[in-house]
Amino acid sequence: MSSSHSPTRVRAASAATATYRRARPTTEEGPRYGVFASVAFHGLIVAAMFFTIQRNFDTPEDSNVVPVDLVTIADVTNVAPQAPPQPEMEKIEIPQPTLEAPPEPQMQAVEPAPEPPMPQFDVQKEVKPVEKPVEPKKTAAQNFDALLNKLTAAEKPVKNAKPAERVIPGIGSGNAMTANIADALKSQIYRCWSPPTGAPDARDLIADFVLNLNPDGTVAALRMAPGTLAASGNPYTRAAAEAASRAIYQCQPYRLPADRYNVWREINPLRFDPRQMMQQ
Amino acid sequence: MKRFLILLAAFVASWAALAAPPAHAALQVDVTQGVSQPLPIAIPDFVGDPQAGANIAGVVRADLERSGLFRPLDQKGFAERITNINTVPNFGSWRAITAQGLVTGQVTQQPDGRLRVDFRLWDVYGESQMLGLQFFTTPENWRRIAHMVSDAIYERITGEKGYFDTRVVFIAESGPAQKRVKRLAIMDQDGANPNFLTNGSYMVLTPRFNPTAQMIAYMSYISAKPRVYLFDIETGKQEMLGNFPNMTFSPRFSPDGNRVALTLETNGNSDIYVMDLRSRAIQRLTSDPGIDTAPSFSPDGRQIAFESDRGGSQQIYLMNVDGSGQRRISFGAGNNGTPVWSPRGDLLAFTKQQGGRFTLGVMRTDGSGERMISSGPHDEGPTWAPNGRVLMFSRISGGGANSQIWSIDVTGRNERRVLTPGSASDPAWSPLIQ
């Protein structure tokens with residue numbers, strides 16, 4: 001007689017159960033999505049770090065060129081102290097290091113440079129409506145490429161630039177408008193700036209500031225840039241920073257176009273570099 | 001896969017937000033040209049003792065004005081009268097007269113007879129105190145206190161060490177050209193307190209200070225032979241440095257004060273030797289048949305600059321302090337001599353003779369960057385102030401009959417005469433007085 005407990009059925013039943021209870025293996029065969037994702041994310045992090053940090057690097061100053069004298073062996077032996085002094089000694093072909101022509105002694109006060117003509121800023125009562133540029137939807141990869149291109153692309157000077165309703169970002173965007181304002185500011189500050197010029201290393205005398213101006217051209221806030229603050233333990237740097245700060249306070253209020261206040265409300269960095277004055 | 005793409009997009013978007021430049025761009029300005037104007041500074045008479053207060057403030061004003069970097073303003077224009085140096089001044093009134101710095105001071109007699117001098121240096125535009133110091137001394141020493149006040153102000157504002165609390169030793173000349181009387185003399189760097197150290201019965205030349213400023217080495221013809229002598233300023237005693245059969249001259253101390261480099265002449269050949277002052281041992285450094293003279297130590301004591309004509313004309317050479325590594329460094333036109341190493345170590349001052357003119361120049365210690373700083377026509381024998389910024393030199397006129405001491409800034413500016421009792425030459429600047 002057949003019973004429900006026939007061996008075949010039991011085997012089938014237990015096989016089915018066994019299938020149910022079989023634990024899922026921890027490593028699956030098949031496409032390794034996890035590994036790829038991990039590698040991709042790590043790669044992106046590295047790329048992000050690379051690009052972000054690179055943008056914040058300051059270009060190092062050029063080190064001074066070291067003059068090198070090329071002397072042939074024969075000439076060196078000619079200069080031995082034991083050699084008797086003969087008229088021929090004067091013909092030693094030691095190449096002379098180039099000498100700078102001695103600068104004229106600056107006994108008189110420097111004539112002030114002619115003031116650049118005040119740029120004509122037309123205050124337009126009615127601003128023509130500027131079309132908002134339409135942003136096409138971009139995929140993530142295209143965003144990445146676009147940012148890459150923006151970082152490495154050369155700047156194009158824009159003539160007669162008018163500020164759009166949405167301010168286009170970009171440090172040193174290099175349009176004629178900002179260059180004029182920078183010149184106007186420089187021509188008003190230089191009269192008050194008398195830097196200390198005695199330091200053996202002129203790079204010690206460079207001072208950077210962050211200046212915030214009120215709309216009427218007076219100083220709202222002035223502070224040293226972090227680099228200068230860190231270096232102000234050096235007595236020369238401190239003296240240079242104080243001379244610059246005195247100049248900033250003394251020559252206020254600054255006459256700058258009121259309708260472009262957004263451009264000059266903050267100047268960062270305002271750098272004072274006396275090396276040209278010291279001919280170094 | 002979809003989840004992966006969403007995460008990736010989110011990641012890139014967040015990175016893009018971080019890496020994007022700020023929406024508002026700040027203007028960048030580079031100021032590279034300014035003016036060279038002395039700093040207008042207001043120094044009213046110090047309060048307390050009226051006579052001493054006026055004297056000290058007067059010396060401070062003169063020191064700072066003479067440096068060429070400050071312009072003390074006339075007291076008559078001061079609106080605010082300072083009576084108490086412990087209260088904050090009314091900066092507006094000082095700004096109104098264009099002062100950028102303000103010095104307020106006070107002189108008080110202490111019960112034990114000493115003089116107490118306090119002063120404060122104020123930043124008029126920053127409206128804050130920059131410096132405040134206090135000195136005690138005997139009343140006769142008030143000039144030194146005034147010079148120390150000047151040094152403190154100078155250093156705080158320019159960043160450079162001061163040089164006002166120093167003395168200058170020189171040769172005071174008098175008498176007709178045929179019978180010149182030369183005496184060793186010493187004075188404060190501003191010309192005050194001149195003192196004669198020798199009586200003029202014998203010739204003296206090229207005095208030089210010992211770094212501790214209490215001893216002077218100089219050349220003298222006491223026994224009709226030129227010799228180097230050491231003169232102790234405090235005791236007035238002098239002694240001969242070595243008894244050599246022939247001439248010795250152009251002495252210069254090493255920076256540690258323990259050795260003297262000098263020139264010894266034997267059989268018509270002049271070479272440079274170094275003598276240890278304690279052991280009196282002498283070491284020869286050059287043995288060239290030419291004339292080697294005018295040695296000058298570097299401030300680190302490792303090198304010596306000197307003058308030699310071994311190449312056919314007077315030029316400047318360097319060597320290590322043991323005599324090795326002798327090499328020429330001056331290649332400019334004319335004859336270049338009397339090299340003097342700056343106490344800052346960065347420059348050499350020297351005298352150039354060209355076309356019958358003598359002018360002062362400076363060059364870097366590798367011989368480059370040569371530039372002339374004085375106007376001549378007969379300037380020679382430079383000496384550095386201890387801060388390596390100012391020089392003094394002899395200016396000779398009237399065919400040698402008249403000689404004056406002049407000072408000049410290393411940039412070539414601020415050439416001015418130093419007042420001396422009569423004709424004077426061969427100045428040597430002391431280090432800062434300890």
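Tyr218(B) is buried, with a relative accessible area of 0%; buried means under 20%, exposed over 50% and partly exposed in between, computed with a 1.4 Å probe and protein chains only. The structure is a predicted model, in which local features need pLDDT of at least 70 and side-chain atom pairs count only at pLDDT 80 or more, while totals for chains, interfaces and linings use all residues. Residues are numbered from 1 along each chain as its sequence is written, chains are lettered from A and ligands numbered from 1 in the order in which they are written, and side-chain values use heavy atoms, with hydrogens and water left out.

**Figure 1. Chain A and its secondary structure.** Chain A has 8 helices and 3 strands; these are DSSP runs, helices (H or I) of at least four residues and strands (E) of at least two, numbered from the N terminus. Along the sequence, chain A follows the pattern α-α-α-α-α-β-β-α-α-α-β. Of its 280 residues, 24% count as buried. Chain A exposes about 20900 Å², of which carbon and sulfur atoms supply 57%; such areas come from the Shrake-Rupley method with a 1.4 Å probe, and for residues only the protein chains shown count as cover.

**Figure 2. Helix α7 of chain A and helix α4 of chain B.** The axes of α7 (residues 235-250) of chain A and α4 (residues 142-158) of chain B come within 6 Å and cross at roughly 75°; axes are lines fitted to C-alpha atoms, for helices over the stretch in contact, and angles run from 0 to 180 degrees between N-to-C directions. That makes α7(A) roughly perpendicular to α4(B), a description covering 65 to 115 degrees, whereas angles under 35 count as roughly parallel, over 145 as roughly antiparallel and the rest as oblique. In contact (heavy atoms within 4.5 Å) are Tyr236(A), Arg238(A), Ala239(A), Glu242(A) and Arg246(A) of α7(A) with Arg156(B), Ile157(B) and Thr158(B) of α4(B).

**Figure 3. Aromatic pairs in chain B.** Rings of Phe, Tyr and Trp (its six-membered ring) pair if their centres lie within 6.5 Å; planes under 30 degrees apart count as stacked, over 60 as edge-to-face and the rest as tilted. By this rule there are 13 aromatic pairs over all chains. The ring centres of Phe119(B) and Phe135(B) are 6.4 Å apart and their planes meet at 5°, so this pair is stacked. Phe119(B) belongs to strand β6 (residues 115-123) of chain B and Phe135(B) to strand β7 (residues 128-137) of chain B, so the pair ties together parts 16 residues apart in sequence. Both Phe119(B) and Phe135(B) are buried. Tyr218(B) and Tyr229(B) form another stacked pair, at 6.1 Å centre to centre with 25° between the planes. Tyr218(B) lies in strand β12 (residues 215-220) of chain B and Tyr229(B) in strand β13 (residues 227-232) of chain B, 11 residues apart. Tyr229(B) is buried, with a relative accessible area of 6%.

**Figure 4. Backbone details in chains A and B.** Most residues other than glycine have a negative phi, and most peptide bonds are trans. A cis peptide bond joins Asn268(A) and Pro269(A), with omega about 0°; Pro269(A) is found in strand β3 (residues 266-272) of chain A. Another cis bond joins Gly376(B) and Pro377(B), with omega about 5°. Thr98(B), although not a glycine, has a positive phi of about 70°. This threonine lies in the loop between α3 (91-96) and β5 (101-109) of chain B and, at 39% relative accessibility, counts as partly exposed.
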